[in-house]
Amino acid sequence: MVKFDQLLYGGDYNPEQWLEYPEILEKDLEYMRLAKINTVSVGIFSWAMLEPEEGVFRFEWLEEIVDRLYENGVSVILATPSGARPKWLADKYPEVLRVDESGHRNFFGGRHNHCYTSPVYREKVKIINQELARRLGNHPAVRLWHISNEYGGACYCPLCQEEFRRWLREKYGTIEELNRRWCTAFWSHRYNDFAQIEAPSQRGERELHALKLDWKRFVTARTTDFMRYEISCLREAGSKKPATTNMMYHFGGLNYAEMAKYVDVVSWDTYPTWHKEKEHVTALDCGMQHDIMRSLKKQPFLLMESCPSSTNWQSVSKLKKPGMLQAQSLQAIAHGSDSVLYFQFRQSQGASEKFHGAVVDHYGGSDTRVFREAAKTGASLEVLRELCGTEVHAEAAVLYDWENRWAMEDAQGPRNRGLFYKETLEKSYRALRRLGLNVDVIDMGKELDGYRLVAVPMMYLFKDGFAEKLRSFTAQGGTVLMTYWSGIVDETDRCFLGGTPHGLMDVFGLRSAEIDGLYDWESNTAVPTECGQGILKQIHTCRALCELVEVKGAKSVLTLGEEDCDAETEKGSEKASGSEKEMVMKCGESGHEKKTGKKCGESGDEEKSVDGHEKSDSGAEVLAVYGSDFYEGTPALTRNVYGKGTAYYICADFEQSFYDEVFDYAVKEARISIPPLAEIPQGVEVMQRDSGEASYLMIQNFSETEQEIIVTDPEYDVMFGKDPKRLKKYETVVFRKSAAGKKE
Ligand code: GLA
Ligand code: ZN
């Protein structure tokens with residue numbers, strides 16, 4: 001794990017834009033001191049300044065600036081400049097430019113407009129990276145390598161296509177195996193040879209989902225390979241400094257879980273649209289991204305970029321209201337960041353980012369509102385210095401997986417006008433966060449050991465071994481809450497035969513039989529059964545997708561119509577129009593008790609399964625049923641005891657309040673410890689970091705009004721912030737408790 005001695009504070013710095021103004025560069029050092037800036041990232045797009053002509057190097061300006069920064073107590077994150085190539089390179093070696101999916105080579109321009117395969121590009125990157133490494137790679141100012149900048153996009157040139165075919169050959173071995181896994185018997189898509197395969201394209205093959213999925217995997221593999229190549233060049237030239245690359249918000253172009261394996265510390269760039277929605281909605285969204293980034297390595301991460309003021313590429317460039325900059329910055333720290341870094345320190349004079357917010361704007365003074373806010377944030381990070389390197393432990397995790405996202409969003413059906421994967425993920429996340437729990441957001445590859453509860457929203461694609469992992473997690477006492485549209489396809493997007501959720505039907509005590517897509521104006525409800533009334537206090541609405549499941553013994557969709565009235569509502573056949581009270585069902589009415597003889601809370605006849613776990617054979621307990629449509633009265637929420645654990649199944653796209661009630665119950669049942677607060681008012685964010693020597697409780701008010709915070713554990717002292725009894729909007733209070741337990 002990369003350890004820093006202080007929380008890094010600063011941001012992207014582009015002195016090459018100011019070389020003609022030595023007085024400005026001198027001023028920058030003074031401003032950095034005033035704002036308590038201790039780290040800047042340099043060299044990100046400096047290639048043309050470092051190598052103005054092929055083989056001609058001009059490093060003096062950079063070396064001088066790095067020295068000056070060092071003398072002034074500012075450390076450096078040193079970037080490799082591969083994010084944008086010089087014009088001479090593109091002109092002399094056109095093969096370095098990207099080719100789009102219809103086969104056209106781009107002109108020079110933009111940033112990531114180069115081929116990651118091109119031997120020339122790799123060679124030229126090696127030369128410049130190694131120059132950098134030799135000259136500055138061991139400079140005492142340099143803390144970290146910043147590899148390229150926001151990798152993204154793909155190249156479809158002949159070299160990349162050939163590389164794709166090589167990657168496929170390695171993956172599948174034979175073309176027969178590829179045909180089988182890709183289901184190419186469909187639409188006469190059989191390939192006779194790997195040599196025939198082309199990348200997906202709007203002008204060509206765009207329906208073969210397995211091809212598209214593998215192409216996306218390949219793009220991640222290619223980009224990661226390029227990143228690793230860049231790092232290896234630095235190592236070869238003798239620099240051992242740790243390396244990171246900056247990732248992006250909800251970016252679907254790369255599987256960050258893969259990339260993260262090859263960096264020493266994860267970092268990302270955040271540009272939330274504050275003041276657009278309710279602040280706490282934005283805070284939850286941003287908090288979840290922080291948690292995704294932290295969970296990639298389950299270690300502290302770095303906030304590599306954020307905007308000190310307004311962001312010029314957004315549809316509306318909104319100023320941050322007073323206090324928001326500090327709130328946003330401390331939120332990153334609360335979620336496990338060891339830095340607050342901006343894009344950028346000094347606002348550029350021309351080109352496309354001239355109106356992007358910066359610590360120092362075109363006016364050029366420190367007597368600005370934004371500068372004062374930045375200086376205040378810098379001072380707060382000094383107070384919180386001991387949080388650096390502390391960890392965020394979570395007992396609950398929500399699963400989010402890039403490959404699953406790709407596969408699900410690419411599939412046709414069950415709802416092409418919106419599956420709402422991110423929103424569904426957020427519902428589980430929010431239900432846990434409102435209880436103040438630290439939450440990891442992990443991909444399918446991560447271990448589940450150490451968690452007490454995991455939420456598995458819409459895990460359409462199951463990678464090999466995933467079902468077994470969930471099974472043993474449950475058997476050993478874990479609580480799982482999985483939703484509809486899970487366990488449908490395998491790694492190459494082939495539907496599992498023999499029933500879904502694949503490999504877990506006994507764990508959940510059900511089989512998913514059908515899924516109904518709802519038009520935007522349609523909805524259904526979940527009506528609690530007698531068993532479910534301890535969990536659901538009201539009827540909840542669902543939209544978009546309703547899964548119809550078969551639970552042994554419960555009222556079944558298959559037998560609907562054949563049965564007598566034992567599944568009707570209390571008021572006889574009064575259907576969906578029934579009032580809430582009338583709609584509450586009894587367990588027996590859903591056919592459950594009658595057929596299984598099972599009472600609420602009992603798991604039914606248990607027997608040992610093959611692997612020795614307790615196995616429930618009588619089907620899940622039905623906690624809620626649908627309130628309308630032809631599947632009225634069939635399960636909408638179920639619970640099954642499996643081994644020592646519990647498996648909940650959420651059958652439809654329910655509203656947030658449904659998730660809140662179910663998770664409240666499941667968290668208690670799983671005995672997850674909640675933070676020591678009398679109450680968590682809506683809009684207040686709570687996070688905990690731990691060092692082993694001390695625990696830190698960080699509380700932020702993202703609600704619209706002042707809030708009262710009462711910590712019930714007297715061993716916590718306020719270490720940062722004013723009166724917690726009157727926590728104003730955007731304010732943060734941090735409590736500390738030493739592990740010895742005694743007040744110091
Ligand atoms: C990205 C880039 C930066 C800059 C900012 C502007 O995050 O990495 O170079 O362009 O956006 O918001
Ligand atoms: Zn290419």
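# Close-up views of a predicted model

Figure 1. Six strands make up an open sheet, in which the order is β5-β4-β3-β2-β1-β9 and the pairing is parallel. The edges of this sheet are formed by β5 (243–244) and β9 (339–342), each of which pairs on one side only. The model shown here and in the views that follow is a predicted one.

**Figure 2. Strand β2 with its neighbour β1.** Strand β1, which covers residues 8–12, runs parallel to β2 and is joined to it by three bridges. One of the residues to look for is D12, whose bridge partner in β2 is S41.

**Figure 3. Strand β3 with its neighbour β4.** Strand β4, made of residues 142–146, is parallel to β3, and four bridges hold the two together. Within this pair of strands, A79 is found opposite H146 of β4.

Figure 4. Because its relative accessibility is 18%, and buried means under 20%, Q6 counts as buried. Leaving aside residues up to four places away in sequence, Q6 is in contact with N38, R143, D338, R385 and C388. Between Q6 and L303 there are 14 Å in space, taken from C-alpha to C-alpha, although the two are 297 residues apart in sequence.

**Figure 5. Helix α3 and its buried face.** Helix α3 consists of 12 residues, 60–71, and at 1.5 Å a residue it should span 16 Å, which agrees with the 16 Å that separate its end C-alpha atoms. The buried residues of α3 are W61, L62, I65, V66 and L69. When α3 is seen down its axis, these buried residues fall within an arc of 130°, and therefore they line one face of the helix. Such a pattern can be read against the geometry of an α-helix, which has 3.6 residues a turn, so that residues three or four places apart point the same way. On the other side of α3, by contrast, E64 and E71 are exposed.

**Figure 6. What surrounds helix α3.** The elements that cover the buried residues of α3 include the helices α1 (22–34), α2 (47–50) and α5 (119–136), together with the strands β2 (39–42) and β3 (75–79). After α3 the chain comes to G73, a residue with a positive phi, near 75°.

**Figure 7. The largest pocket and its lining.** The volume of the largest pocket is about 600 Å³. It is lined by 30 residues, of which Y249, T270, Y271, W313 and Q314 are the closest to its centre. At least two residues of the lining are supplied by each of β7 (267–269), α10 (279–297) and α14 (421–433). The largest share of the lining comes from α10, which gives four residues.

**Figure 8. Residue S428 in helix α14.** This view turns to S428, a residue of helix α14. With a relative accessible area of 1%, S428 is buried. Not counting residues up to four places away in sequence, the residues that S428 touches are V398, A455, P457, Y659 and F663.

How values were computed:
Residues are numbered from 1 along each chain as its sequence is written. Chains are lettered from A and ligands numbered from 1 in the order in which they are written. This is a predicted model: local features need pLDDT of at least 70, side-chain atom pairs count only at pLDDT 80 or more; totals for chains, interfaces and linings use all residues. Side-chain values use heavy atoms; hydrogens and water are left out. The expected span of a helix is 1.5 Å times one less than its number of residues. Buried means under 20% relative accessible area, exposed over 50%, partly exposed in between (1.4 Å probe, protein chains only). The arc is that of the directions from the helix axis to the C-beta atoms. Contact means heavy atoms within 4.5 Å. Two strands pair if DSSP finds at least two bridges between them. On a 1 Å grid over the protein atoms alone, a cavity is a set of points where a 1.4 Å probe fits but cannot get out, and a pocket is an open set with protein on both sides within 12 Å along at least five of seven lines; lining residues have an atom within 4 Å of a point. Grid points are joined across faces, edges and corners, and a volume is the space filled by probe spheres set on the points.
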